[in-house]
Each structure stands twice: as structure tokens, then as C-alpha cells.
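Here are my quick notes on the model you sent over. Have it open while you go through them.

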Amino acid sequence: QVQLVESGGGLVQPGGSLRVTCAASGLSLSHYTVGWFRQAPGKEREFVGRISWGLGISYYADSVKGRFTVSKDNAKNTVYLQMDSLKPEDTAVYYCAARTIGAGDYAYWGQGTQVTVSF
């Protein structure tokens with residue numbers, strides 16, 4: 001059974017940092033592209049960033065470029081989203097998802113972790 005489990009969310013002040021983790025079981029993330037998405041209350045889910053299998057090339061939404069970093073640890077079968085210089089508008093539920101190379105859709109999704117940026 002494939003599972004993606006996010007953790008590490010919480011409350012952080014504006015300008016602060018937080019790292020959320022996506023731990024996978026039932027599949028090897030080294031063979032997948034893993035994406036991070038977020039959904040704020042009353043808004044549609046949006047793409048945040050992704051990291052490809054193999055070389056680990058990453059790509060980011062303009063809204064987080066330069067502030068967020070996606071990385072992975074194949075040995076731990078885990079992907080990380082490091083978030084720096086956080087803003088109140090980054091408040092959302094953050095989800096990780098995995099897709100096989102060449103696939104258009106993400107087949108596997110985690111349950112999400114809440115990130116709140118506020119004083």
C-alpha cells in the first residue's frame with residue numbers, strides 16, 4: 001500500500017522558517033517526481049514546487065522562488081520542503097504528491113499538513 005505522510009507543519013512568525021517532510025512507503029521516491037502543493041481556505045489548490053527523480057532537478061512557482069527549496073533523500077525515501085522568509089500569504093495546508101516520469105497526473109497524495117504564518 002502506497003502512503004505519503006507529511007509532517008512538520010505548524011505556526012511560525014512572518015520572516016521565519018519551517019521545514020515540512022514527506023515520507024513515503026510502498027514506493028521508491030527515487031523513481032518518481034514529487035511535487036508540493038498548497039491550498040489556502042477558500043482558494044484552489046496551487047502548485048508550489050517539485051523535484052524530479054534521478055538528477056533531482058527542482059522547479060518552483062514564481063510566488064515561492066528564492067524562498068522555498070525542495071530536496072530529497074533517496075536513502076530515507078523522503079522529500080523535504082524548506083520554507084524561508086515566510087509570509088502570511090503562505091498560510092495553507094501543504095500536500096506532497098508523487099507521479100511517475102512521463103505521467104501527467106500525480107497518482108499519490110498525502111493527507112496534508114497545516115502551515116500557519118502569523119504573529
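1. First, the term: a disulfide here is a pair of cysteine sulfur atoms within 2.5 Å. By that rule there is one disulfide, and it joins Cys22 to Cys96 with an S to S distance of 2.1 Å. The link of Cys22 and Cys96 is right-handed, with 65 degrees about the S-S bond. Cys22 sits in strand β3 and Cys96 in strand β9, so the pair ties together parts that are 74 residues apart in sequence.

2. Before you go further: this is a predicted model, where local features need pLDDT of at least 70 and side-chain atom pairs count only at pLDDT 80 or more, while totals for chains, interfaces and linings use all residues. Residues are numbered from 1 along each chain as its sequence is written, and side-chain values use heavy atoms, with hydrogens and water left out.

3. Cys22 and Cys96 are both buried (under 20% relative accessible area, 1.4 Å probe, protein chains only; exposed is over 50%, partly exposed in between).

4. Now the sheet. Strands are DSSP runs of E, at least two residues, numbered from the N terminus, and two of them pair if DSSP finds at least two bridges between them. Four strands make an open antiparallel sheet in the order β1-β3-β8-β7. β1 (3–7) and β7 (68–73) each have a single partner strand, so one side of each is left without a neighbour in the sheet.

5. Look at β3 (residues 18–25) against β8 (residues 78–83): six bridges join them. Ala23 has Thr78 as its bridge partner in β8.
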